Amino acid sequence: MFSHSRASASELINRAKEAVTLITQPRTLASPPLFTSRPANERLASQSHRSFATMNRNDDPIEALFQQKRSLRSRMRKELRNMDPVRRSEEDAAIQSIVVNNPWFKSSKSVCAYISSPALREVDTTRIVSEILSKPANESDVPNRKKLYVPRVEDRNSNMRMLRISSVDDLIVNSMNILEPALSDSDGKQHEDVMEARDPVDLFILPGHAFDRCGRRLGRSGGYYDLFLKKYQELTKERKWKEPLGVALSYSIQIVEEGAIAVTSNDVSVDALVSPAGVIPISPAAWERSMG
């Protein structure tokens, strides 16, 4: 009786080892089923699911890249959500002060900037927008007043427009509770689309989820800014304009180590970052314009 028991125990151990070996090996459609007690059709479906999932995780570099992006976005959302409100307010003030006092901002005549959303935990742009829209003290300065274009989401296919506004009254709340420009003003006049403007944009002020010191930018996965910036780059080439400076605003916790941000051919880098610590020039254009 004892010898029979010992044989059964040994057999069980061997079966357990076989099961562990099968589970830890990469699964393919040719792999034998792990559990023979389930119906054949269920086993086949399960194997197919595991096989494709395994290939996506281990063999598909594109999936690995997007997984890296998703992971960093998740981390940043958590860090921004947990950011101390006092610190956030201090960093908002510091970043905006740096922007409005910088030569590249003061000399710009046409600016594309985002309208910050507290819900999205973006760096505040209230002071920047107010500075651009404020009326000149002298009437003689009116012709030199900066033009401001702000984003309006058109659809769920990453299409976005930048429309000119002359007052915060030109903004409306969209379905996502974010301020954006109406198509026309109170008099029914259509807001100018920056893609149809006669003059080039000097400066883009951009939001983002994370950035590194090489200019890589992680957005919110919609692709709106990347697609728009590529379109505007094409327009500048067609019209032989000087390319605008792309400056991203970043809380200190949003600047990550090099290599943390995965990039694809669709991603557009920024020329410079503005953090509470100051301006980080990245591209040659940023250095040329005395960023710093």
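1. Burial. Of the 292 residues in the chain, 40% are buried. Keep in mind that this is a predicted model. The chain exposes about 17,100 Å². Carbon and sulfur atoms supply 52% of that area.

2. Overall make-up. The chain has eight helices and 11 strands. Look at its contacts with a separation of 6 or more: 68% of them join residues 24 or more positions apart.

3. Salt bridges. The structure holds 10 of them. Side chains of opposite charge can pair when their charged atoms come close.

4. D199 and K147. These two form a salt bridge, with the closest N and O atoms 3.5 Å apart. The pair links distant parts of the chain, 52 residues apart. D199 sits in the loop between β5 (179-181) and β6 (203-206), while K147 belongs to strand β2 (residues 147-153).

5. R152 and E180. Here the closest N and O atoms of the salt bridge are 3.8 Å apart. This pair also links distant parts of the chain: R152 is in strand β2 and E180 in strand β5, 28 residues apart. R152 has 15% relative accessibility, so R152 counts as buried. E180 has 8%, so E180 counts as buried as well. R152, E154 and E180 are linked in a network of salt bridges.

6. R217 and D226. This salt bridge has its closest N and O atoms 3.9 Å apart. Buried means under 20% relative accessible area. R217 is at 9%, so R217 is buried. D226 is at 11%, so D226 is buried.

7. A charged patch. Which residues gather in a patch of positive charge on the surface? They are R77, K78, R81, R121 and R220. Take R81 as one of them. R81 lies in helix α3 (residues 61-81). R81 is partly exposed, because its relative accessible area is 47%.

8. A buried threonine. T236 has its place in helix α7 (residues 224-239). T236 counts as buried, because its relative accessibility is 1%. What does T236 touch, leaving out residues up to four places away in sequence? The answer is W241, E243 and P244.

Notes
Residues are numbered from 1 along each chain as its sequence is written. This is a predicted model: local features need pLDDT of at least 70, side-chain atom pairs count only at pLDDT 80 or more; totals for chains, interfaces and linings use all residues. Side-chain values use heavy atoms; hydrogens and water are left out. Helices (H or I, at least four residues) and strands (E, at least two) are DSSP runs, numbered from the N terminus. Buried means under 20% relative accessible area, exposed over 50%, partly exposed in between (1.4 Å probe, protein chains only). Contact means heavy atoms within 4.5 Å. Patches are made of residues with over 30% relative accessible area and no salt bridge: like charges are joined within 9 Å, nonpolar side chains (Val, Leu, Ile, Met, Phe, Trp, Tyr) within 5 Å. Accessible areas come from the Shrake-Rupley method with a 1.4 Å probe; for residues, only the protein chains shown count as cover. A salt bridge is a side-chain nitrogen of Lys or Arg within 4 Å of a carboxyl oxygen of Asp or Glu. Lys and Arg count as positive and Asp and Glu as negative; His and the chain ends are not counted. The place of a charge is taken as NZ of Lys, CZ of Arg, CG of Asp or CD of Glu.
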